[in-house]
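Please view the sequence and the structure below before reading on.

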Amino acid sequence: MADALAQASGAAATFSGAAAVDGDPVVVVENLSRSYASAAGEVHALRDVSFTVPRGALVVLVGRSGSGKTTLLNCIGGLDAPSSGRVSVNGIEVSALDERARTALRRDELAFVFQTFGLLPMLSAAENVGLPLRLRRVDAAERERRVADLLDLVGLSAHAAQRPAELSGGQQQRVAIARSLANSPRLLIADEPTGQLDADTGAAIMQLLISLVRSEGMTLLVSTHDPKLQALADITVRLADGRVVS
C-alpha cells in the first residue's frame with residue numbers, strides 16, 4: 001500500500017478506463033423495489049431492478065436526480081431496506097439482515113464515500129481516518145501506522161492535525177476517501193463523491209479514487225451526473241424513474 005500514492009499520482013493523468021474483472025459477483029441485485037409514502041402519495045423509488053457487479057469492476061450508475069441512484073446504493077449498502085427483492089454483497093444477503101448485522105457488514109465488507117464528506121468537525125484529519133479502526137479496537141500503534149499510510153496515500157500527510165474546517169473541499173474528500181479505505185473494504189460505494197466540488201477538483205478526486213481502488217483490488221460502485229465518468233467504467237447502469245433502462 002505504501003507505493004500506491006505514486007501509482008495513483010501517475011494514473012491521475014493517464015488512467016483511461018476498464019480494468020480486467022474476474023466475473024465473480026461481488027454484488028447481486030435481484031428484482032429490487034423500494035416504495036414509500038409521501039404527502040403526494042406512494043413514491044416508487046426503485047422498480048424491479050436487477051444487475052450484478054463482478055469483482056474488481058468499476059460500475060457507474062447514471063441518471064437524472066430522482067432516478068433512484070441513491071436509494072439503490074443505500075439498499076446495497078444496508079442503509080435502507082427494500083420493499084421487495086434481494087441484495088447480496090460478497091455472498092451475504094443484505095436484505096435479510098437485521099440492523100446489527102447490517103452494521104457489521106458496513107464495518108467489515110464495504111465502505112461509503114458521500115458528496116457531503118461526512119467528517120466529524122471536532123476531530124483532526126488523522127482522527128477522522130482512524131475512527132473506523134477505533135471502532136474495530138485496532139491496537140493503537142497499528143492504528144497510527146495505518147492512518148499515517150492512508151494520509152500519505154491521499155497526499156495529506158502534512159495536514160494530519162488539521163480539522164475539516166481548516167481544509168479545502170477537495171482535501172476533505174481526500175480525508176473521507178482515506179477513512180473509507182481504513183478497514184480494507186472489498187466494496188467501495190461512492191454516492192456523487194464530486195457533487196460539492198468544482199470541475200477540476202472533482203476530476204482529480206475521481207481519478208485518485210479510481211486509481212486507489214484499482215491498486216487495492218477493490219470493487220467500486222459510484223453514482224454520478226458526470227457523463228465523462230462513463231468512459232472510465234467497466235459497466236454503466238442507467239436508471240430512469242426507478243428502473244434500469246440500459
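A residue is called buried under 20% relative accessible area, exposed over 50%, and partly exposed in between (1.4 Å probe, protein chains only). At 38% relative accessibility, Asp24 is therefore partly exposed. The model is a predicted one, in which local features need pLDDT of at least 70, side-chain atom pairs count only at pLDDT 80 or more, and totals for chains, interfaces and linings use all residues. Residues are numbered from 1 along each chain as its sequence is written, and side-chain values use heavy atoms, with hydrogens and water left out.

Asp24 lies in the loop between α1 (4-14) and β1; helices (H or I, at least four residues) and strands (E, at least two) are DSSP runs, numbered from the N terminus. Between Asp24 and Pro54 the C-alpha to C-alpha separation is 5.2 Å, although 30 residues part them in sequence. Leaving aside residues up to four places away in sequence, Asp24 touches Val53, Pro54 and Arg55 (contact means heavy atoms within 4.5 Å).

Strand β1 has two pairings, listed here; strands pair if DSSP finds at least two bridges between them.

| Strands | Sense | Bridges |
|---|---|---|
| β1 (residues 25-38) and β2 (residues 41-54) | antiparallel | 10 bridges |
| β1 and β4 (residues 84-89) | antiparallel | 5 bridges |
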